[in-house]
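Thanks for making the time this morning. I would like to walk through one model, looking at its strands, its aromatic rings and its charged pairs.

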Amino acid sequence: MVRSFLKHLRQRYEADLPEAAQEYIDFAVDGAQRMTQLIEALLAYARIDAQGKEPTPTDAEGVLQLVLRNLVLRIEDTGAEITHDSLPTVLVDPTQLLQLFQNLISNALKFRREDVPPRIHISATFQPSPLLKLGMGKSDGGVWRFSVQDNGIGIPPDQTDSLFQVFKRLHNRDEYEGSGIGLATCKKIVERHGGRIWVESEEGKGTTFYFTLSQAL
C-alpha cells in the first residue's frame with residue numbers, strides 16, 4: 001500500500017514536485033519494494049516446516065528441468081551454460097527440491113565473473129551408509145550427495161561457515177540484490193529432509209554447494 005500510494009503521488013504531482021522531492025519518492029518506493037521482497041522471503045522461510053509436504057519419491061532430473069525453464073530468461077541474458085549428469089530419484093518434497101535447485105542456480109547466475117560466462121554443472125553421487133559398507137545394512141541404504149558447481153566469483157574462506165545464516169550477506173545491495181535469506185532457506189529445506197548442506201569455494205575461481213538427500217526406496 002505504501003508503494004502504491006507513493007507511485008500515485010509521483011504520477012499525479014510529478015510536474016509540481018522539485019527534483020529533490022522526486023528523488024526522495026524514488027528512494028521510498030525502492031525501500032518499500034525491498035521490504036516486500038524481504039517479507040515474502042521470510043514467509044517462504046517460515047513455511048518450509050509449516051506447509052512442507054510429506055517427502056515422496058521424486059525425479060530430481062525432472063525437477064531440475066522445471067527450474068531451468070523458470071530461469072530461461074536469466075540464463076539467456078547471462079550467456080550461461082548449465083549442464084548436468086544423470087540425476088536420481090530421491091525422497092523429498094518436490095516443491096522444496098525445486099526451491100532448493102532454483103536458489104542455488106540463481107546464486108550461481110548472480111555471483112558470476114565479468115570475464116567469462118557462467119558455467120554451472122549439477123551432479124549427484126551415491127554414498128552408501130556406513131553399515132552397508134560393513135556388510136551389515138540393506139542394499140537400499142545410503143544417501144545421494146548432490147553438487148552445484150560454478151565458475152563464479154567465489155567466497156572468501158573466512159565467510160563460508162556463516163554463509164547459511166539468515167540475513168547473512170557478503171556484498172552490499174548496490175553490488176548484488178537479494179534478501180540474504182536464500183541460502184538459509186536452502187539449509188532449512190535440506191535439514192527438514194534429514195540431510196546436510198555445505199560449501200567449498202576458492203575466491204575468484206568458483207564455488208560448489210553440496211547437499212545430501214535420502215535415496216527413494
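What you see is a predicted model, in which local features need pLDDT of at least 70 and side-chain atom pairs count only at pLDDT 80 or more, while totals for chains, interfaces and linings use all residues. Residues are numbered from 1 along each chain as its sequence is written, and side-chain values use heavy atoms, with hydrogens and water left out.

Let me start with strand S7, residues 206-214, where helices (H or I, at least four residues) and strands (E, at least two) are DSSP runs numbered from the N terminus. Of the 9 residues in S7, 8 are buried, and here buried means under 20% relative accessible area, exposed means over 50%, and partly exposed lies in between, with a 1.4 Å probe and protein chains only. S7 pairs in the antiparallel sense with strand S5, residues 143-150, over 7 bridges, where pairing requires that DSSP finds at least two bridges between the strands; Val-143 has Ser-214 of S7 as its bridge partner. S7 also pairs with S6 in the antiparallel sense, over 6 bridges, and these two strands form a hairpin with 3 residues between them, in whose turn Gly-204 has a positive phi of about 85 degrees.

Now to the rings. Rings of Phe, Tyr and Trp (its six-membered ring) pair if their centres lie within 6.5 Å, and planes under 30 degrees apart count as stacked, over 60 as edge-to-face and the rest as tilted. By this rule there are 6 aromatic pairs. One of them is the edge-to-face pair of Phe-101 and Phe-211, at 6.1 Å centre to centre and 70 degrees between the planes. Phe-101 lies in helix H5 (residues 94-110) and Phe-211 in S7, so this pair ties together parts that are 110 residues apart in sequence. Phe-101 is buried at 0% relative accessible area, and Phe-211 is likewise buried at 0%. The stacked pair of Trp-198 and Tyr-210 has 5.3 Å centre to centre and 15 degrees between the planes. Trp-198 is in strand S6 (residues 197-202) and Tyr-210 is in S7, so the parts joined here are 12 residues apart in sequence. Tyr-210 is also the bridge partner of Trp-198, and both residues are buried. To return to the phenylalanines, Phe-101, Phe-146 and Phe-211 form one aromatic cluster.

Which pairs of charged side chains meet in this model? There are 5 salt bridges, a salt bridge being a side-chain nitrogen of Lys or Arg within 4 Å of a carboxyl oxygen of Asp or Glu. Among them is the one between Arg-192 and Asp-93, whose closest N and O atoms are 3.8 Å apart. Arg-192 lies in helix H7 (residues 182-192) and Asp-93 in the loop between strand S3 (89-92) and H5, so the pair ties together parts 99 residues apart in sequence. Arg-192 is partly exposed at 26%, whereas Asp-93 is buried at 2%. Another salt bridge joins Glu-191 and Lys-187 at 2.7 Å, N to O, and both residues lie in H7, 4 residues apart, about one turn of the helix. Glu-191 is partly exposed at 44%, as is Lys-187 at 29%.
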